Amino acid sequence: MEFKIASDWKNILQQEIEKPYFKSLRTFVIEEYENQICFPKPENIFAAFQYCKYEDLKVVIIGQDPYHGENQADGLCFSVQEEIAIPRSLKNIFKEIQTDLNKEIPENGNLKRWAKQGVLLLNSTLTVQKGKAGSHQRKGWEKFTNAVIKHISENKENIVFLLWGGAAKKKGAKIDKKKHLILETGHPSPLSANRGYWFGNKHFSKTNQYLRKIGKEEINW
């Protein structure tokens, strides 16, 4: 089992990949995939970096775990493979886009179309055991994804960070607010959304408004 990170990100993250904690993480993940059913498929673990090129980066959305149901996770946070029913959190994301931008709700939950436009769909933890949410937390993934966020904050300018829910806000706490736009709201999960913490945030129109202002092409949500 080989970890494949897209070349334009690998050069940036090379030092992180060579650190002792990442070598331990790699060993843990390999053993888990050999002995348990885990998601996403090995070739999709770093899909967020494969579909969103570093040079095209405009927006970062931070998720938590990959989906832990059969054939759901595709390596992009909130996204699912085309043939899979749209999860409830993603339905709420689409409903907000519909209200905010007057767009039709898509037929499937595959978000590769966002990633290819420069949206990094980054989960905090990049792997999970089937049916066990959080099973690969605190093994090193969080340290790695923190390093990704830190690098983007320090080396890029005018990136839009969308922080949805307490975990994402905590993870994005050290982003440089002087260089980037940070938009925060509740998590799109039904529990949060039904309590009034999600709908009406207008993050998608606000993102595009900001991108227009700095002379970048809008995201076709």
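This is a predicted model: local features need pLDDT of at least 70, side-chain atom pairs count only at pLDDT 80 or more; totals for chains, interfaces and linings use all residues.
User: What makes something a pocket, and how much space lies in the largest pocket?

Analyst: On a 1 Å grid over the protein atoms alone, a pocket is an open set of points with protein on both sides within 12 Å along at least five of seven lines, whereas a cavity is a set where a 1.4 Å probe fits but cannot get out; lining residues have an atom within 4 Å of a point. Grid points are joined across faces, edges and corners, and a volume is the space filled by probe spheres set on them. The largest pocket holds about 480 Å³. Its lining has 25 residues, and D65, P66, Y67, S89 and H187 are the closest to its centre.

User: Which classes make up that lining?

Analyst: There are 9 nonpolar, 13 polar and 3 charged residues around the largest pocket. Here Ala, Val, Leu, Ile, Met, Phe, Trp, Tyr, Cys and Pro count as nonpolar, Asp, Glu, Lys and Arg as charged, and the others, Gly among them, as polar.

User: What about the second largest pocket: which helix gives the most to its lining?

Analyst: That's helix 6, with 5 residues. Helix 6 (141-155) and helix 7 (166-171) each supply at least two. Helices (H or I, at least four residues) and strands (E, at least two) are DSSP runs, numbered from the N terminus. The second largest pocket has about 240 Å³ of space, and its lining splits into 3 nonpolar, 3 polar and 6 charged residues.

User: How many cavities of 30 Å³ or more turn up, and what lines the largest cavity?

Analyst: The search of the whole structure finds 1. The largest cavity has a volume of about 30 Å³, and I62, G63, Q64, F78, W164, A168 and H187 line it. That lining counts 4 nonpolar, 3 polar and no charged residues.

User: Why are helix 1 and helix 6 called oblique?

Analyst: Their axes come within 11 Å and cross at roughly 125°. Axes are lines fitted to C-alpha atoms, for helices over the stretch in contact, and angles run from 0 to 180 degrees between N-to-C directions. Under 35 degrees is roughly parallel, over 145 roughly antiparallel, 65 to 115 roughly perpendicular and the rest oblique. Helix 1 and helix 6 are therefore oblique. W9, I12, L13 and E16 of helix 1 touch K143, F144, A147, V148, H151 and I152 of helix 6, where contact means heavy atoms within 4.5 Å.

User: What makes helix 2 oblique to helix 6 as well?

Analyst: The axes of helix 2 (residues 20-35) and helix 6 cross at roughly 130° and come within 9 Å. That angle makes helix 2 oblique to helix 6. Y21, F22, L25 and V29 in helix 2 meet W141, K143 and F144 in helix 6. By class, this contact has 6 nonpolar, no polar and 1 charged residue.

Conventions. Residues are numbered from 1 along each chain as its sequence is written. Side-chain values use heavy atoms; hydrogens and water are left out.
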